[in-house]
Amino acid sequence: MANKDREQWGSRIGFILAAAGSAIGLGNIWRFPTVVGQSGGGAFLLVYLIITFLVGIPLMIAELTIGRRGQTNIVGSFKKVAGDNWGIIGALGVAAGFIILSFYSVIAGWGVAYIFKFLTGELANLGAEEVGNVFNELTSNPIVPIFWHGIFMSMTIGIVILGIDKGIEKASKLLMPILLVLLVLLAIRSVTLDGAMEGVSWYLRPNFAAIDRHIILSALGQAFFSFSLGMGAILTYGSYLPKKENIPGSAVYIAIFDIFIAVLAGFIIIPAVFAFGLEPGSGPPLIFITLPAVFGAMPAGTFFGLLFFVLLTIAAVTSAISLLEVVVAYFIDELKWDRKKASLLAGLAIFILGIPSSLSMGVMSDNLIFGMPFLDFMDYFASNVLLTLGGLFTAIVIGWVWKTSNAISEIEKSGDKFLLATPWAFLIKWIMPVVLLVIIVNGLFF
Ligand code: TRP
């Protein structure tokens, strides 16, 4: 796309909401509580918060800056700031987008199915065990969840073909605050359940002894996943930023918003898990079993349940379009396909790749890969390996190829001084490459 014709964000708040729309999604509400549960509660939370500040926010600034400098997609932007050979990082990002969306859509599809189950009353006023049965019946069926996965992918593809029009932007401006209010209500209901306090303390009390390299890798993967980092989604959003925009300021807003929603989701799920006597480490199904049971213990629970899963689906769609958009933009630019063809073919391929993830909850549940069901493996590989590697290369490119001084002068084109420029540059150039490499290698191989 010619630079002078390139669209730009209309307003600062429009950009922040769009980037927050990409960041906030299943990663906050489904994945965060799942990973907290699998990683021992308070130990994870502390490591996660440290990583979001020391790695997440600085890398978000880095991606936005490369994008604004490059004014194009991930491949083109890396080529522009670092030379043609670095376009290869873009391929890594495209692969990550492909894989993440394939299982993301399967999970989002469960959420869409739940909308209908609340509408028909199938999920009304149930206890945790009964909800568990409904969930297992849904996900172990070989056909039905694939149908919902297809519905979710079709919505995502449709929006990416039509372009992200005003309607969606307006709708999310209105709906995201409603989601926030609903989450606060749910958190209050959850922490006041009988026996919930045990969960609250499990969630908040840092257990230093439990911190190990796997927890650190999971926290890193979760930070990348939740902030939409490591594969060019945030970079692409940065490419639409006007020069006057203050990048570090925006990054801090988006990050804090994102962390807040995730921590809040933890306050809903974890206390409920303890109150209902469930197992916190039970993985991806966790929220689909605890949440309806929390609604079941509330007045007007069916109404709130319905509302919640509608909002969750919308939050998931706004994230999914940013995943598909990275893949589609690549096909359009590199293979010269038109937008419709690129969206349909990429979307179809992603749908097909999602099928084994869906089946891994039922007929294929005995086929483990590195001890994990296919869905968990795809998630682990894409988030903890591909995204973190994407982040590592981003730091190396800025620190050693493009140079932090050039990045800082791009950031300061807004006219504001970047107050933390020196510590940021030091982190990106010296600390980040070493720390990320150590975490990745240790977490994966030892
Ligand atoms: N961050 C989104 C979520 O939390 C998911 C997502 C959207 C994503 N775009 C991404 C994850 C890019 C990694 C990379 O639900």
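**View 1. Contacts across the chain of this predicted model.** Take contacts between residues at least 6 apart in sequence. Of these, 83% join residues at least 24 apart. Trace a few such pairs in the structure above.

**View 2. The helices and the overall fold.** The chain has 18 helices and 0 strands. Its radius of gyration is 21 Å. The globule rule gives 22 Å for 446 residues, so the chain is as compact as a globular protein of that length. Along its principal axes, the C-alpha trace spans about 55 × 50 × 40 Å.

**View 3. The largest nonpolar core.** This core holds 158 residues. F308 and W424 have the most contacts inside it. Helix α5, residues 88–119, gives the core its largest share, with 17 residues. Across the chain, 58% of the 446 residues count as buried. In soluble globular proteins, nonpolar side chains tend to be buried together.

**View 4. Close-up of F308.** Which residues does F308 touch, not counting residues up to four places away in sequence? The partners are I29, L182, L183, L186, L291 and F295.

**View 5. The accessible surface.** The accessible surface of the chain comes to about 17,300 Å². Carbon and sulfur atoms account for 68% of that surface.

**View 6. The charges.** The chain carries 25 positive and 26 negative charges. How many Å apart are the mean positions of the positive and negative charges? They lie 13 Å apart.

How values were computed
Residues numbered from 1 in each chain as written. Predicted model: local features only at pLDDT ≥ 70, side-chain atom pairs only at ≥ 80, totals over all residues. Heavy atoms only, no water. Core = buried A, V, L, I, M, F, W, Y, C linked by side-chain atoms within 4.5 Å. Buried < 20%, exposed > 50% of the residue type's maximum accessible area, 1.4 Å probe, protein only. Helix = DSSP H or I, 4+ residues; strand = E, 2+ residues; numbered from the N terminus. Contact = heavy atoms within 4.5 Å. Rg over C-alpha atoms; globule rule 2.2 N^0.38 Å. Areas by Shrake-Rupley, 256 points an atom, 1.4 Å probe, with all protein chains shown as cover. Lys, Arg positive; Asp, Glu negative; His and termini not counted. Charge placed at Lys NZ, Arg CZ, Asp CG, Glu CD.
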